Structure formats: C-alpha cells, structure tokens
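Please walk me through this fold.

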Amino acid sequence: MQTDQTVFYSTGIKSLDQILGGGLILGENVLWEIESGTFAREFLYSFIKQGIIEGNQVIYLDFIYPPQALMLQFTPLIKTLPSGWEKRLLVLDCFSEAAGQGELIFSDFYDRAPSWMRKVPSSKDPERFHHFFGRIEREFVTPGTRLVFNSLSLMEHNWGRDAVKTFFGHVCPALYAYQTLAYWTMAKNAHPKEFCAMIEHMTQVVIDLSKNGDKNFIKIRKAGGRYDAQTYQQREYRVKGLQIDIL
C-alpha cells in the first residue's frame with residue numbers, strides 16, 4: 001500500500017522508474033518474463049549498478065552461464081562501476097556444479113577467479129542449495145540489499161518444478177520480509193500456466209519483455225499499489241550499450 005511517505009528506490013532506468021510511479025519499494029520481488037533477444041541483461045545490469053552506486057550489497061545468482069562467459073558479460077558493466085565496487089558485488093556461479101556437472105574446465109577457472117565471483121557447490125541439489133541460501137541471507141542480506149536470480153527456468157531444468165516451487169515459495173516472502181529488492185527472471189512461454197500463475201501471484205511486480213520484428217516492448221503486468229492506468233500500457237524501448245530508453 002502506497003502513501004505520500006512511500007520511499008522509492010531506482011531501478012537504474014529513469015524511464016522505468018517513472019512508469020512505476022517512482023521506482024521500486026523495499027520488499028518488492030520483480031518477476032521478469034523474457035522473450036529471447038530482448039536485451040534483458042541490460043535491465044539487470046542497470047539494477048545492479050544502481051544498488052552499488054547507492055552503497056548496497058548486490059548478489060547475482062546465475063544458473064545459465066559458465067563462469068568464463070559470466071566474466072566476459074560483466075566486463076562492460078564493471079568498467080562503469082564506482083571504486084570499491086568489489087566489496088558490494090557478489091556473483092554466485094550456480095552453473096558449474098549443476099548444468100556444468102562439475103567439469104574441470106569450470107572448476108579450474110577458480111584458480112584465478114576474482115574475489116567477487118564464487119562457485120556454489122550445492123547448486124545441483126535443491127535442498128542443499130536452499131540451506132546454502134539461508135546462510136547467504138544471514139550473512140549478506142539487510143534492508144536495501146539487491147538480488148538477481150537468473151533464472152527460474154534453468155532452476156526448473158536442474159531441479160524439477162516442485163523443488164523450484166518450494167524454494168521460491170519460501171525465499172520470495174522471506175526477501176519481502178527482509179525488505180530487499182529482488183529480480184527473478186523466467187523464459188516466456190517455457191512453463192505451464194499453473195506454474196507461472198503461482199510465481200506471478202507471489203511477486204509484487206511482473207514485467208513482460210517481448211519482441212515484434214526488430215522492435216522491443218516492455219509491459220508492466222502487475223505492480224502492487226500503483227493505480228495509474230499508464231503504468232500498464234505496453235511501450236517500446238531501445239537499448240544502446242548499457243543505456244535503456246523506454247519511449
């Protein structure tokens with residue numbers, strides 16, 4: 001419930017903040033339903049950068065990419081971060097032990113890995129991962145901490161649907177109570193309606209990214225407490241480098 005005293009936190013994209021009536025509210029879990037090729041990463045990186053600029057802890061959990069690819073992807077973002085960012089950013093590689101099946105090529109990367117990037121040994125087993133994430137919550141999570149879970153679709157591929165429902169059903173409300181800001185990504189049209197409905201129901205904000213020809217579109221499908229009809233209109237957006245402009 002918004003009041004005149006509601007404090008908003010920036011997504012890192014001014015035009016998106018405006019559409020959301022000022023930005024995000026502490027506790028909000030944002031579900032991104034993503035069509036392939038819609039520059040979702042730039043939305044995630046804007047959110048990460050904003051958190052670091054504000055001096056908050058940012059935790060990025062990635063189930064999709066091997067650590068070598070993650071390093072390459074993060075390089076353009078890192079060049080834009082303020083000094084001391086290494087103390088604020090924690091990138092958790094949840095790929096190597098799960099989809100990567102513990103292959104040496106991924107493990108060997110950690111002989112030379114930077115301190116802000118760590119492998120999660122328990123990412124293959126949902127119960128062990130759940131336990132591990134409880135430790136992360138206790139050690140790193142305070143009001144204003146930003147988290148990115150990339151992605152629920154790969155979590156489901158690794159663990160099965162029921163395990164993802166259990167994890168999400170516990171962590172999503174916990175992060176709300178901790179007053180964090182959390183992004184969760186999910187591949188569009190890759191899950192049964194019932195699964196999507198459960199995830200959407202538990203999140204406070206749902207954002208849809210889609211393509212039509214060479215144009216990209218964003219649509220806020222749910223945003224708790226925002227009553228302006230303009231919030232829910234579909235809009236085109238353009239991406240240049242890490243810059244996003246919603247038209």
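What follows goes from the sheet to the helices and then to the loops. The model is a predicted one.

Now look at some of the pairings. Strand 3 (residues 89-93) and strand 4 run parallel and are joined by three bridges. Here Val-91 stands opposite Met-117 of strand 4. Strand 2 (residues 58-62) also runs parallel to strand 5, with five bridges between them. In that pair, Leu-61 faces Phe-149 of strand 5. Strand 5 pairs with strand 6 as well, in the parallel sense and over four bridges. There Leu-147 stands opposite Ala-182 in strand 6.

Is it buried or exposed? Five of its five residues are buried, so strand 5 is largely enclosed by the rest of the structure. In a regular strand, side chains alternate between the two faces of the sheet. Both faces of strand 5 are covered. Arg-146, Val-148 and Asn-150 are buried on one side. Leu-147 and Phe-149 are buried on the other.

The axes of helix 7 (residues 161-178) and helix 8 (residues 193-202) come within 10 Å and cross at roughly 10 degrees. Angles under 35 degrees count as roughly parallel, so helix 7 is roughly parallel to helix 8. Helix 7 brings Arg-161, Val-164, Lys-165, Phe-168, Gly-169, Cys-172 and Pro-173 to the contact. Helix 8 brings Glu-194, Phe-195, Met-198, Ile-199 and Met-202. By type, the residues of this contact are eight nonpolar, one polar and three charged.

Which residues of helix 8 are buried? They are Phe-195, Cys-196, Ile-199 and Glu-200. These four cover an arc of only 130 degrees around the axis, which puts them on the same side of helix 8. The spacing fits a general rule. An α-helix has 3.6 residues a turn, so residues three or four places apart point the same way. The cover over the buried residues of helix 8 includes strand 1, helix 6, helix 7, strand 6, strand 7 (205-212) and strand 8 (215-223). On the face turned away from the buried side, helix 8 carries the exposed residues Lys-193 and His-201.

Finish with the loops. The peptide bond from Asn-150 to Ser-151 is cis, and its omega is near 15 degrees. Ser-151 lies in the loop between strand 5 (146-150) and helix 6 (152-159).

Two other loop residues have a backbone feature to check. Gln-179 is not a glycine, yet its phi is positive, about 60 degrees. Gln-179 sits in the loop between helix 7 and strand 6 (181-187). It is partly exposed, at a relative accessible area of 38%. Asn-189 is not a glycine either, and has a positive phi of about 60 degrees. Asn-189 belongs to the loop between strand 6 and helix 8. With a relative accessible area of 74%, Asn-189 is exposed.

Notes. Residues numbered from 1 in each chain as written. Predicted model: local features only at pLDDT ≥ 70, side-chain atom pairs only at ≥ 80, totals over all residues. Heavy atoms only, no water. Axes fitted to C-alpha atoms, helices over the stretch in contact; angles between N-to-C directions. Parallel < 35°, antiparallel > 145°, perpendicular 65-115°, else oblique. Contact = heavy atoms within 4.5 Å. Nonpolar A, V, L, I, M, F, W, Y, C, P; charged D, E, K, R; others polar. Buried < 20%, exposed > 50% of the residue type's maximum accessible area, 1.4 Å probe, protein only. Pairing = 2+ DSSP bridges. Arc of directions from axis to C-beta.
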